[in-house]
Amino acid sequence: MKKLTALLLIFTLLLFSVVGCSSDNSKTEETTAAAVTTAETQPESTEAEMVTLKIYAQYSDDDTKIPYDYAVVELAKDYPNVKLELDIQAQDDGVKLQTYAATGNLPDIFQVGLSQIETFKESGNIMILDDAAKSTGFLDRAVPSASNIIYNEDGHIYAFPYAGNELVLWYYNKALFEQYNVKVPETYEELLTAINTFNENDIIPMSIFAKEKWITTAMYDVLATRFDSDGIAKLDAGKGKASDEAYAKAAETLNELVKAGMFADGATNTNYDQAASLFYEGKAAMFLNGQWEIQAATDKLGENADWMWYPVMPGYENNKFALSGGGAPGGYAVNPKSEHKELAAEVAAYISEKYCEAKYMYRGNPILAVKVNESIKPETPFPAMMEKLDNELSNITSTTKFAWGLGNPLFKVAIEDQSQFLMTEDYTPAEFIEELDKVIERMNQ
Amino acid sequence: MKKFFGNKLAILVFTLPTLIIFSLMVFYPITQVFYKSLFKWNGLGSGSFIAFDNFLRLFDDKLFFLSNKNGFIFAAIITVFQLLMATVLAIAVSTLKMKGRNFFRIAYFIPVVLSVTVVCQLWLSIYNSDYGLLNRFFETIGLDYRQNWLADRKHAIYAIAIVNAWQWMGYQFALILAGIKSIPTSFYEAAQIDGATPVQAHMKITMPLLKETYKFCLLISVTGGIKAFTEMFIMTSGGPGTSSYTLTYMMYSSAFRSNEFGYGLAAAAILVLECLMAILVINFVFKSEPTVGGE
Amino acid sequence: MRPKLKKIKLSSWFFKGFLWFYAFISLYPLVWMVLYSFKNNDEIFVSNPYGLPKVFRFENYINAWSQYNVPKYFMNSLIVATATVVITITLAMMFSYATSRMRWKGRNFVRTYVALGMFIPVQAVLIPVTRMVQTLGLSGSHWALIIPYTAFNLSFSTLVFYGFFVGLPIELEEAACIDGANIFQTFFKVIVPTVTPAIATLSIFTFLNAWNEFILANVLVLDQNLKTLPLGILFFQGQFTTDWGAMGATMVIASIPTVFVYTLFSNQVEKAITVGGAVKG
């Protein structure tokens, strides 16, 4: 009961803080709402110089709403003649955007991932933004380490990234490790020991929201980087096969870990909220997610939350600092058939930068595509885990790709499906390798 | 009478609007499905013509057979469950002299009114391995039958089919009920005078008279099963892995996740053909006798 | 109305129990949905999936209400669904009458042709349907949804009406014909009233289909002012996290009116049918 009241308290506090945060944003909503209504009611003649740009963007949680609202407020200051009309991105594997493109309904500005960039550029549905990137000064402010997410492989810019490189972090609960006297695993051997100890004490070793296939891809990738620092990125590029030693071993390792009881029963049907709650309530010792979880983990577990380097495989000690995740080109793109494409490109660059500012200020995220103006300070100091990550960035020897950063959609679907399959006990690594290799063979044809 | 039923103008007025709307909005798109299934096409641009390569590839794809198998399992479960339950409940509601008949009639239809999203969320919760009602139920009655209902490659499809069967039973229930209501009461009275028990009366009167009703109930279940999608999309995303893929999900996954539109449409084309086969078979089975009400 | 059934009493306790049980599991989701809409993610998924919410979180509703223009979405849904019902039912009835009772070549072919619509997964035809809507100049009005919805509902409705018409005795038309009515008068005054139960049932089905439809609405509605209620969930469903409570509130806002309308409407229909049936019998 105590736990529950405490939890409720935390949630009410959180709610208040959210309400508090959003109170300054509510103005934004009002202004955008007002803008839309004026656009509707006023005859066009008086608003002749106003330009309305349609924008297709994510707008569903704090991580997407806060930056968007912030960007809209800022835009009104610097581009008083531009109004944005928001079309909210659906969680539909890109069905909506694809249909828009196929029927000539693409909005002026839209958010894209790598595989869509590739499809769209073949059919002339995405504008090359090289010039706009220069003229707006976006490139001058871009961080050198972000060039992998700005430039496409062909050397052009198709989208302005609005975040930065992201990483898969292996979180753990220090208190649980101390309580059961478990060493934070640095090697595979130690990981197995930890799994056993936690299982004996009815603690789930690692909670994972494996209902989502991108995180199972990340889990496999984490293990793949233990054997080959390029992880799944190498397979995506068609430079390796699943039957190669490193990837076969990774599959076997994941299978072993599943059998050793590293994950909860029914993990492949666990969603984010369920998995996160297990970790934050002390029922699970470890948790896998992107670095964007740092803020939430700090809020819930305080000093007990930390992240570790992935455990090392015997004989592959060199890969200790290879991380999964990383970035891929993507962000705000522009429709080349837009009536105001030059302006849209300018605005796309502008809001991408404003997103970065908002993420820096309100979302505790310093790893961004562009350098934030020095006058801008984060609302609250960065969490310790973020400081640690920022300090350790230079140690990272390599990164790979998130599922959405994979360039070959065929491979993406295969690794998503197969990695989730591998998380169930009766799926064999041999099946995994066979299915994946069939797809890789097809890719290379 | 012949002139009356052969009124050309009336036929035109009656059928043309439907035919126009249907041809433009449904039939033309279907032809596009078949046409584009012959292309290597990413959904944009014009693609390249590869004749039947997509189909040949389908027949070499394990996933295609798995999707088909799942579709048939799905169709079988929902057909049996829905027809059986709908018949029993519709007869009960229309004949039983009990208080609150209206209440039952409305209650049985409620799941249909709710959105699929809500229903799937509810069942996700019921099926949850950890705290789900189902596992708790087995625990309470002392059976060691805990399962990872949706996380098991062999059982997931059954678990999902139950959800669909349960939610849309109300559809068939309402149809059969409407059918029973349009049967004149005198038919039953005659049967009663002949000394038939209620069950016999229904077997002899309701069933044969509702032949057409049953025909399309069967049709909805079978085709609905073969083209199932939404439940797996929400509940498992075709998973774990690929174990709850259906043809529609495969089509969706190929077209929108892997950008292989042509391949996806080939799967959709097969799906349409399978449904067409189903309708032909069902029509054939039901054709054996002329309809009773006709004369 | 129905014959009295005496012998069923034998197993009636068991049977009645079953009827109650099934009614319970049919109504439970309604209750569950309402409770759900007052919870937060933690309660929904972890701490309290089935019970009463610990605190009634009305903010879920405030949240839903403030994110999008609920009355406007509601009106749009209402317009689209109502128009779809009226057009679908009228067209389907006329079509089925012509194919079931009138004599002409090719009627069976035409009937099967329209039934084809039941087989097509809508995901496969999103792009051609959207193109067609544009070609016909329907974008930017409610027709962008009404016409496709009608088209996709026609298959099922024509099939059901066919089943009802085919069973009607031919004396109906004969009598009307002798009275000197032409086919249009006969159809509207004699035939249509006899299939009231089917009209009622199909109206409800079609309305619900149109009311809950998401996939087509998601790609066909380009104008913010034409969005329908199911699109409201987009405001809460993120790539990584979803605000399930607010989504529940959105779904309650969308579903509860239909439950009410259904309950009222179906009682009215029931009365009408019973009266009509009595007259007929």
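In the predicted model, 81 residues of chain B are in contact with 85 residues of chain C, two residues being in contact if their C-beta atoms, placed from the backbone, lie within 7 Å. Helix α2 (residues 8–36) of chain B supplies the largest share of the side of chain B that touches chain C, 17 residues; helices (H or I, at least four residues) and strands (E, at least two) are DSSP runs, numbered from the N terminus. By class, this side of chain B has 54 nonpolar, 21 polar and six charged residues. Here Ala, Val, Leu, Ile, Met, Phe, Trp, Tyr, Cys and Pro count as nonpolar, Asp, Glu, Lys and Arg as charged, and the others, Gly among them, as polar. Residues are numbered from 1 along each chain as its sequence is written, and chains are lettered from A and ligands numbered from 1 in the order in which they are written. Because the model is predicted, local features need pLDDT of at least 70 and side-chain atom pairs count only at pLDDT 80 or more, whereas totals for chains, interfaces and linings use all residues.

The contact between chain C and chain A takes 26 residues from chain C and 25 residues from chain A. On the side of chain C that touches chain A, two or more residues each come from α2 (41–47), α6 (126–135) and α11 (215–220) of chain C. The residues of that side comprise 10 nonpolar, 11 polar and five charged.

Chain C is assigned domain 1 (19–57) and domain 2 (60–280), with bounds from an automatic or database domain assignment. The centres of the two domains, taken over C-alpha atoms, are separated by 30 Å. Their contact takes 11 residues from domain 1 of chain C and nine residues from domain 2 of chain C. On the domain 1 side, α1 (12–36) and α2 of chain C give two or more residues, and the largest share, four residues, comes from α1(C).

The UniProt record (unreviewed entry) lists as "transmembrane region" several spans of chain C, including residues 73–98 and 186–208; such annotations may be inferred rather than shown by experiment, and positions are given in the numbering used here, with feature names shortened. Residues 73–98 of chain C are 100% helix and 0% strand, with end C-alpha atoms 37 Å apart. For residues 186–208 of chain C, the span is 96% helix and 0% strand, and the end C-alpha atoms lie 30 Å apart.
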